[in-house]
Amino acid sequence: MGFMKLLVVGSGYVGLVSGACFAELGHEVVCIDHDRAKIDGLRAGVIPIYEPGLEAMVAKNVAVGRLSFETEIMGLDDGTVDALFIAVGTPPRAGDRGADLSSVFAVAAQVAEQASGRLVVVTKSTVPVGAGDTVESIIRAKAPELRLSVVSNPEFLREGEAIADFMAPDRIVVGAEDDVGRQALERLYAPLRERGAALLFMRRRGAELVKYASNAFLVTKISFINEIADLCEAVDADIGEVARGVGMDRRIGSAFLTAGPGYGGSCFPKDCAALLTTAQDHGVDLRIVESAINANHARKRVMARRVINAMGGEVRGARIAVLGLTFKANTDDMRDAPSIAIVESLRLGGAAVRVYDPRGMPQARPLLGDVEFCESAMSCCARADCVVLATEWPEFLSLDLEALARTMRGRIFVDLRNLIDIERLLAAGFIAHGIGRRARLSGPPALAAANAENAAAPPGPSRAVAL
Ligand code: NAD
C-alpha cells in the first residue's frame, strides 16, 4: 500500500478538513487555495472556519511535515503527485437554480496546463451528474498525452462533526471509470478501511448522483417532520413524542426527525435546487423533492409570524432577543440560516432585535441589518419582552432560566428548536412556545418521567394556548 502525495485544491470546509484528515492518515498533503489571505492565515496557524478539533489536527500535521499550504497548483509535471482533489465551491448559478461549476472547470483547465505523465483527478466538490465527464474532456483536450483518471468521490461530512464524519464515515462512495482510478482510491482510503469503513465502488455518474439523492432524502425527511409538527399543533399532540414513536421504527430511523424552523446551510438548499435542475434538463419530474423544498421555503417565512403571534399579534416597539443565528449548532456558517428571515421580519414588524450567537456573529454581521449584537445570551435577553431560540447551541442548555427571566421585561420564550425542557421554562415562569406542540403556561403531564419508569402517568393540570 504505502502513503500518497496529494494536492487538494480549495481549502474551505471540505478541502481543509479532507486535507487535514488525509495527512492525519499518513498521506503527504498540500492544500491549495487561490485566496491568499486564507493561505497566509493557514500558514500562520489561523483556521478560517470554526470546526471542533480542526485547529489541533492541522497544527499537528504541519509540525510533522505532512501538511502544507500553497496558493498555486504546482508539481504536476514530475509524476510525484498521486492524486489531485477538486474541493472548490459549487454555489448556485446566478440566474437559475443549477450549480455554478466555473471554479471546478477552472481547476481542470489549470491541471491541463501543467500535468504530464499520469494523474488521478478526484472530484470531491458536489457536482451534477456528468460534470466528471466535462472535467475529463477539459483536461484531455489540452493534455492528450496525459494518462488520466477522473474519479468522483463525493463528501458527506457534516459541519460541526466534520472530522468524526470523515474519519468514521457511513460509507465512502467512489465513482470510477477505470482500474487505475479505483486502485488509487483504494490505496488512499486503506487506513480508513482498516478501521472498518465501507468503500463503495460504482460508475462515476452514479457516485455524482448519490450525493444529491442523499441530501434530497434528508431534506424530505426534515420537511416531512416539520409538516407533521404543524399537524401536532392543530390536534394538540406533541411532535417530540410523535417523532420518537415514528423514528423507533428501524425502517425509518430517528435521524433528521427533529422539527424546527426549516433547514438552511451551505449544502441542502443549493444541492436540492441543482438536483431539480438536472432532473428538468433530463425531462424527469422530482415532485417529492420539489414539494420538500417548497415546504421549507414556506416554513422559513412563517417562523417570524409565530413569534409575532406569541407576542399577541404585534411586535412594534417590542424588544426581542434572538439566541443562536447559525443554521445549526457547532458551526459558524450562516448560509441560508433560518434566523436571517426571522430577524428581518421582526425588524420590519417594528421590533428592536438583539442577537447573540456563540460562533456565528462575525459571519452574521453583514447579513443582518439594524440589530444589536450582544456578548452573551444573558446580556442579549436583558429587558427583552420575548426570547427566540433559533439555533440549538448546547450552551443554551445551561442557561440559568430563573436569572434570565429576572433580567427580562416579558416572559415569552419561543423555542424554535424545542431545545430547552419545557418543565424548566415553565418553572422559571415563562410562557413556553415551541414547535409541534401547543404553547404552555403551566403544569404538564409528567410523561418523560413516566416513560422512564415505563408506566402511564395521570394527566397533570396543563393549560393549552393556541398559537
Ligand atoms: P467553501 O466555500 O468553504 O470553500 C471553497 C474554497 O475553494 C474557497 O476557500 C475558495 O477560495 C476556493 N477556491 C475556489 N475556486 C478556486 C480555484 N480556482 N483555485 C483554488 N481555490 C479555489 O466551500 P465548501 O463548503 O468547502 O464546499 C466545497 C464543495 O464541497 C462544494 O461543492 C460543496 O457543495 C461540497 N460539500 C460541502 C460540505 C459542507 O458541509 N460545507 C459537505 C459536503 C460537500
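Me: Buried means under 20% relative accessible area, exposed means over 50%, and partly exposed is in between (1.4 Å probe, protein chains only). Which of these is Asn418?

Reply: Asn418 is partly exposed, with a relative accessible area of 23%. Before we go on, please keep in mind that this is a predicted model, in which local features need pLDDT of at least 70 and side-chain atom pairs count only at pLDDT 80 or more, while totals for chains, interfaces and linings use all residues. Residues are numbered from 1 along each chain as its sequence is written, and side-chain values use heavy atoms, with hydrogens and water left out.

Me: Okay, and where is Asn418 found?

Reply: Asn418 sits in the loop between strand E13 (412-415) and helix H17 (422-427); helices (H or I, at least four residues) and strands (E, at least two) are DSSP runs, numbered from the N terminus. Asn418 also has a positive phi of about 50 degrees, although it is not a glycine.

Me: What about the phi of Phe256?

Reply: Phe256 is a residue other than glycine with a positive phi, near 60 degrees. You will find Phe256 in the loop between helix H10 (239-247) and helix H11 (268-281), and at 31% relative accessibility it counts as partly exposed.

Me: Let's zoom out. How many helices and strands does the protein chain have?

Reply: The secondary structure of the protein chain comes to 18 helices and 16 strands.

Me: And what is its radius of gyration?

Reply: The protein chain has a radius of gyration of 25 Å, which agrees with the value near 23 Å that a compact globule of 467 residues would have; the radius is taken over C-alpha atoms, and the globule rule is 2.2 Å times the number of residues to the power 0.38. Along the principal axes, the C-alpha atoms fill a box of roughly 75 × 45 × 45 Å.

Me: What share of the residues is buried, and what is the accessible surface?

Reply: Of the 467 residues, 52% count as buried. The accessible surface of the protein chain is about 20,600 Å², and 53% of that belongs to carbon and sulfur atoms; these areas come from the Shrake-Rupley method with a 1.4 Å probe, and for residues only the protein chains shown count as cover.

Me: What share of the contacts joins residues 24 or more positions apart?

Reply: Among contacts in the protein chain with a separation of 6 or more, such residues account for 71%, where contact means heavy atoms within 4.5 Å.

Me: Could you give me a residue as an example? What does Leu399 touch?

Reply: Not counting residues up to four places away in sequence, Leu399 touches Leu323, Ala377 and Arg424. Leu399 lies in the loop between strand E12 (386-389) and helix H16 (401-407), and it is buried, with a relative accessible area of 10%.

Me: And Gly160, what is that in contact with?

Reply: Leaving aside its neighbours within four places in sequence, Gly160 is in contact with Glu51, Pro52 and Asn330. Gly160 lies in the loop between E6 and H6, and is buried with a relative accessible area of 13%.
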